[in-house]
Amino acid sequence: MERHITCVICPVSCKISVRKSGSEYEIRGNRCPRGKEYALNELIMPKRILTTSVKVINGEIPLVSVKTSGAIDRSIIKEKMDLVRKLSVEAPVQIGDVLMDDIDGQGTALIATRPVKRIQTFLP
């Protein structure tokens, strides 16, 4: 069986053909080694960067955008989104703040990608 994958690692977007022969994979069409690695990963264990938002308590805005520090197994993304949905952080938040140390059991952190200032409260 032969599958075709478009590599998204760089702007070249190589059209890669992958054929499995026994326990080996024959990969053609990649212009660099990264394309071969990408194709194998997509077939064997696809991974994605998780991007979403987290609730901010006492922030000038109600949510902070976040992403994982690396790609996580695609099969656990729904489970991890359910976990993140329950998460909230106290303002202020800075870019690069680690909001969760190990989201996937592999050491991948959940990191803030924008700053959120704390609400200024004025006493009467």
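In the predicted model, strand β2 (residues 15–21) is joined to β3 by 5 bridges, and the two strands run antiparallel. Within this pairing, Ser17 stands opposite Arg28 of β3. Both strands belong to an open sheet of 3 strands, ordered β1-β2-β3 and paired in the antiparallel sense. The edges of the sheet are formed by β1 (2–6) and β3 (24–28); each has a single partner strand, so one side of each is left without a neighbour in the sheet. On average, neighbouring strands of this sheet are turned by 25° against each other, direction ignored.

The loop between β1 and β2 contains Ser13. This serine has a positive phi, near 55°, in a residue other than glycine.

Strand β5 (residues 51–57) pairs with strand β6 (residues 63–68) in the antiparallel sense, over 5 bridges. Lys55 has Leu63 of β6 as its bridge partner. Strand β5 also pairs with strand β8 (residues 88–90), here in the parallel sense and over 3 bridges. In this second pairing, Val56 is placed opposite Val89 of β8. Strands of a sheet pair through backbone hydrogen bonds, and the arrangement may be either parallel or antiparallel.

The hairpin of β5 and β6 has 5 residues between the strands. Asn58, located in the loop between these strands, adopts a positive phi of about 60° although it is not a glycine. Its relative accessible area is 36%, and Asn58 is therefore classed as partly exposed.

The largest nonpolar core comprises 18 residues, and those with the most contacts inside it are Val54, Val64, Val89, Leu99 and Leu110. Two or more residues of this core are contributed by each of β5, β6, α2 (77–85), β9 (98–100) and β10 (110–112). When residues up to four places away in sequence are not counted, Leu99 touches Val54, Val64, Val66, Leu87, Val89, Leu110 and Ala112. In soluble globular proteins, nonpolar side chains tend to be buried together.

The loop between β8 and β9 holds Pro92. The peptide bond from Ala91 to Pro92 is cis, with omega near 5°. In the loop between β9 and β10 lies Thr108. The relative accessible area of Thr108 is 9%, and this residue is therefore buried, since burial requires a value under 20%. The side chains of Thr108 and Asp104 are joined by a polar contact of 2.9 Å. With residues up to four places away in sequence not counted, Thr108 touches Thr68, Ser69, Gly70, Ala71 and Ile72, as well as Asp101, Asp102 and Ile103.

Definitions and conventions
Residues numbered from 1 in each chain as written. Predicted model: local features only at pLDDT ≥ 70, side-chain atom pairs only at ≥ 80, totals over all residues. Heavy atoms only, no water. Pairing = 2+ DSSP bridges. Helix = DSSP H or I, 4+ residues; strand = E, 2+ residues; numbered from the N terminus. Axes fitted to C-alpha atoms, helices over the stretch in contact; angles between N-to-C directions. Core = buried A, V, L, I, M, F, W, Y, C linked by side-chain atoms within 4.5 Å. Buried < 20%, exposed > 50% of the residue type's maximum accessible area, 1.4 Å probe, protein only. Contact = heavy atoms within 4.5 Å. Polar contact = N/O pair within 3.5 Å; in protein donor to acceptor, adjacent residues only side chain to side chain.
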